[in-house]
Amino acid sequence: MRETRNVKRLGPYVILVLLLAACFSLATVLQDRVSDWSKRGRSDNVLKVLLGDGRRLFADQFFVQADVSFHSGYYPSIFDQANRPKDTSHLTAKEGEPAAEEHEKQMNFLGPPRDWIERFGRHFIVNEHTHLEGSHESEILPWLKLAAELDPQKIETYTVAAYWLRDLGKVKEAERFLREGLLNNPGSYDILFELGSLYDQSSHDPARARKIWELALRRWGEQEAAGKKPDLLKLGQIADFLAHLEEKEGHLARAIQLLKLSQKGSPHPEAAQRRIDELKQKLAAPSPLANPKAR
Amino acid sequence: MNTVLAIAGVVIKELYRRKDFYVLFVLTAVITLVMGSVSFFHDTKMVRYVKDIALLLIWISALVIAIATTARQIPAERENRTIFPLLAKPVTRWQVILGKFAGCWLACGMALIVLYLFFVVVSGTREHHWPLLNYCQALWLQWVMLGVVIAFVLLGSVVFAAPSSNATISFIVVLGILFVGRYLNQVALQEPEPLKTLVYTLYFLIPHLEWYDVRDLIIYDQKLVGWVDCGLATLYALLYMGVFLLGAWLVFRRKPLNL
């Protein structure tokens with residue numbers, strides 16, 4: 001009788017222990033197989049594990065949030081779609097540049113109020129178009145970092161963030177971030193161009209800048225050969241910057257070659273042609289060494 | 001007045017005895033502190049993203065507390081049959097409505113004060129700058145907006161059968177107004193008749209709760225809203241509170257109390 005009572009009392013606990021042992025044993029067997037089913041679990045990023053590929057939906061939103069932050073809250077809604085900035089060139093454009101002026105016109109989306117409710121409501125929102133200045137520009141960086149975490153394949157996140165990091169004097173952080181972008185996007189000529197600009201303008205290392213820009217040109221060419229229709233404007237920019245570097249170092253023939261290449265993607269090919277003509281004249285002019293009497 | 005305050009007192013005690021507020025406050029605090037402790041590009045001076053996240057969580061928490069607390073007030077009284085002894089005393093139905101409203105509104109006010117105090121401490125320690133007047137104005141406007149929401153939910157609690165359906169519909173309506181209310185006139189202009197008239201009528205009839213969301217002014221260090229505008233917005237909210245409370249009383253006075 002007593003034994004029956006003991007068995008009945010201990011029975012559930014014994015079953016529990018047996019079940020736990022079975023779970024543990026099964027886990028050791030399944031561990032290897034499960035890691036092949038899903039790549040999500042292997043990721044070291046919490047957001048990738050939680051959201052999977054759905055995280056890319058949020059990445060765009062965080063990038064827009066960076067733009068909203070850049071404009072201190074003055075930003076068109078989805079109902080002002082026609083007036084939303086079409087690209088992100090305004091995020092890296094300086095005052096007075098054509099991109100900045102075009103952007104100024106685009107951001108005049110509010111217009112006159114249509115009724116008293118809208119007129120009154122404007123007292124409670126940001127209704128002036130401004131951009132962040134000085135050290136406040138760093139306020140857009142957290143959103144860009146989050147956007148990069150959520151969608152590492154979004155190239156402009158890296159280029160825009162690197163531009164502002166350089167502007168804030170954080171050159172090492174900019175380089176690190178761009179290299180992270182390159183790891184995630186090895187064929188990106190945009191990131192290579194930005195990295196080259198960093199070496200040229202911030203680190204004052206023209207030799208390194210040249211190598212990176214040459215690599216960017218090669219990557220652009222590879223994408224064109226693969227039929228991916230890469231951005232002609234970017235080709236123009238890369239060739240233009242490289243030409244400028246070659247001209248500074250006295251390699252005029254190479255500079256002319258690059259300027260001809262830049263004409264393909266330049267919105268003002270006549271300006272490039274003028275520079276080509278000037279360089280040709282310089283090249284044709286006799287060198288001082290050839291005529292000692294001129295000294 | 002004493003009766004109304006007595007009923008309000010019971011509602012306030014209910015708020016701090018239940019776990020809702022503490023759970024939401026701890027969640028808000030943990031998320032804000034975790035986000036605030038992250039260092040982006042070795043820069044600890046960035047503060048706007050922390051303010052953005054903190055204020056968003058405060059708004060969500062305050063709305064959840066307001067709607068959830070209010071939606072169950074009158075249905076709970078009816079379910080527990082405590083409405084009978086309450087009305088058997090010399091307490092009119094109007095006093096019950098007003099008392100429940102005052103209790104929920106004051107309880108939300110207290111919750112907001114605690115949440116905003118936390119926000120002030122977090123943003124102040126990072127920014128080393130305390131625009132207290134701006135914060136007080138934001139708190140006041142949010143509290144006034146919650147008053148409209150509470151009155152609306154109270155009306156819903158005497159119209160709809162269950163607190164869950166009332167809370168769900170109230171959330172949808174409030175969030176709809178907050179996100180889309182400002183733009184209904186633009187939407188109306190793009191529609192053909194008679195949809196245009198319908199949408200425009202809706203635009204003029206709804207309480208414009210989005211006016212009271214001045215988070216962007218706080219986050220981006222903008223100047224204060226004019227005090228006259230603030231006063232007019234408060235008056236506008238009080239009028240809508242009156243409309244919804246009167247509507248709730250008109251429905252409640254005819255409603256049988258048996259389930």
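A: Starting with one residue: A:Glu214 counts as partly exposed because it has 14 C-beta neighbours inside 10 Å. On that scale, 20 or more other C-beta atoms within 10 Å make a residue buried, 12 or fewer make it exposed, and anything in between is partly exposed; C-beta atoms are placed from the backbone.

Q: Before we go on, what sort of model is this, and how are residues numbered?
A: This is a predicted model: local features need pLDDT of at least 70, side-chain atom pairs count only at pLDDT 80 or more, and totals for chains, interfaces and linings use all residues. Residues are numbered from 1 along each chain as its sequence is written, with chains lettered from A and ligands numbered from 1 in the order in which they are written.

Q: Where is A:Glu214 found?
A: In helix H10 of chain A, residues 206–225. Helices (H or I, at least four residues) and strands (E, at least two) are DSSP runs, numbered from the N terminus.

Q: How far is A:Glu214 from A:Ile78?
A: Their C-alpha atoms are separated by 40 Å. Along the chain, the two are 136 residues apart.

Q: How many helices and strands does chain A have?
A: Chain A has 13 helices and zero strands.

Q: And what share of chain A is buried?
A: 29% of its 295 residues.

Q: What about contacts between residues 24 or more positions apart in chain A?
A: They account for 52% of the contacts with a separation of 6 or more. Contact means C-beta atoms, placed from the backbone, within 7 Å.

Q: Switching to chain B. Which elements is it built from?
A: Twelve helices and zero strands. Buried residues make up 39% of its 259 residues.

Q: What are the dimensions of chain B?
A: The C-alpha trace spans about 65 × 50 × 35 Å along its principal axes.

Technical notes. Contact = placed C-beta atoms within 7 Å.
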